[in-house]
Amino acid sequence: MAVLVAANSGTTAPAAPGSASPTEPELVLAPPRARIEKRRPAWLSIPLRFLLPALIFAGWWIGSATGALSPRVLAGPPKVWSAFTELLGTGQLVDFALASFTRAALGVALGVGAGLLLGFAAGLSSLGEELVDSTMQILRAVPFLALVPLFIAWFGIDELYKVLLIAVATVAPMYAYTYLGVRNVDRKVVEAARGFGLSGIRLVLEVILPSALPGVLMALRVCLSISITGLIAAEQVGTNEGVGYLVTLAQEYNRTDYMVLCVVLYALLGLIFDGLVRIAERYAMPWRRQVAIR
């Protein structure tokens with residue numbers, strides 16, 4: 001917003017007929033100050049992001065080295081590293097990680113795709129909302145872990161069961177966030193787009209979807225986090241590869257080093273998923289940095 005600034009030249013000129021009093025200062029428009037975005041430099045921001053995890057890791061290492069943490073309760077970093085190199089040398093670690101990643105990716109793709117379509121159908125049409133919303137609210141209220149015995153009875157214990165369980169775990173959050181994002185699109189923006197001749201699929205893709213995109217990407221982040229839980233549940237039954245299978249072996253042989261390694265692998269998988277969503281946000285919403293509160 002422009003600012004009115006009083007200009008005083010220090011000289012007094014005779015007043016012209018009909019002009020303002022010579023004692024009144026002249027008001028001019030000053031240009032607004034540019035929006036300055038204060039960001040920490042990368043050399044400071046990146047270490048701050050790793051500060052708390054580094055402190056937790058240091059406490060874990062010190063507790064294990066001093067004997068405060070029993071190896072039967074929590075294996076120390078050296079033992080976990082030995083388990084990592086052992087599995088990496090045999091090739092099992094790469095195979096298990098790829099198997100888990102593939103299951104999670106397929107389940108998320110199926111669940112997110114279905115939730116996205118259903119969310120747009122319910123958000124854009126009252127008929128779609130009447131047909132879909134009640135069923136999705138019921139599905140959202142039912143814990144997906146309660147469906148594990150039914151899914152095993154219906155689909156067996158093969159890959160189909162695992163992928164569908166992850167899909168069911170992610171479809172409800174995707175639907176809820178997408179529906180909310182579509183419903184919150186400003187009606188005036190849609191009416192203005194229609195005034196310029198946009199309608200049908202072009203209106204959805206060029207106006208409604210970009211407006212709902214923050215909610216959709218947040219839903220994707222939530223779905224990817226929930227998919228890790230679904231993956232853990234799915235890999236506990238009827239599998240001979242995957243990180244969940246490694247957890248089962250660690251429980252049978254009481255290998256706490258393998259258990260901690262599996263937790264680290266799940267955490268890395270979650271970080272990979274979150275990083276992919278952040279990259280998608282940066283390229284899909286380049287304007288957000290200019291309007292965000294920070």
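Trainee: Is D274 buried, exposed or in between?
Mentor: D274 is partly exposed, since its relative accessible area is 23%. The cut-offs are under 20% for buried and over 50% for exposed, with partly exposed in between, using a 1.4 Å probe and protein chains only.

Trainee: What sort of model are we looking at?
Mentor: It's a predicted model, where local features need pLDDT of at least 70, side-chain atom pairs count only at pLDDT 80 or more, and totals for chains, interfaces and linings use all residues. Residues are numbered from 1 along each chain as its sequence is written, and side-chain values use heavy atoms, leaving out hydrogens and water.

Trainee: Back to D274, which residue does it form a salt bridge with?
Mentor: R278, and the closest N and O atoms are 3.0 Å apart. A salt bridge here is a side-chain nitrogen of Lys or Arg within 4 Å of a carboxyl oxygen of Asp or Glu.

Trainee: Which residues are in the network of salt bridges?
Mentor: R221, D274, R278 and E281 are linked in it. R221 forms a salt bridge with E281, with 3.5 Å between the closest N and O atoms. R221 lies in helix α9 and E281 in helix α11 (residues 256-284), so this pair ties together parts 60 residues apart in sequence. E281 counts as buried because its relative accessibility is 18%.

Trainee: How many salt bridges does that rule give?
Mentor: The count is 6. One of them joins R103 and E235, whose closest N and O atoms are 2.8 Å apart. R103 sits in helix α4 (residues 92-124) and E235 in the loop between α9 (200-234) and α10 (243-253), so the pair ties together parts that are 132 residues apart in sequence. Both R103 and E235 are buried.

Trainee: Switching topic, what's the overall make-up of the chain?
Mentor: There are 12 helices and 2 strands. From the N terminus, the order is β-β-α-α-α-α-α-α-α-α-α-α-α-α. The chain has 294 residues, and 32% of them are buried.

Trainee: Which residues form the nonpolar patch on the surface?
Mentor: W43, L44, L48, L51, L52, L55 and I56 do, with about 760 Å² of accessible area together. Patch members have over 30% relative accessible area and no salt bridge; nonpolar side chains (Val, Leu, Ile, Met, Phe, Trp, Tyr) are joined within 5 Å, and like charges within 9 Å. The areas come from the Shrake-Rupley method with a 1.4 Å probe, and for residues only the protein chains shown count as cover.

Trainee: Which element supplies the largest share of it?
Mentor: α2, with 4 residues. α1 (42-49) and α2 (51-66) each supply at least two. L44 is in helix α1, and it counts as partly exposed because its relative accessibility is 32%.

Trainee: Last one: where does pLDDT stay under 50?
Mentor: Over residues 1-15. pLDDT is the predictor's confidence in each residue, from 0 to 100. Where it is low, the predicted coordinates should not be read in detail. The chain's mean pLDDT is 80, and 84% of its residues reach 70 or more.

Notes:
Contact = heavy atoms within 4.5 Å.
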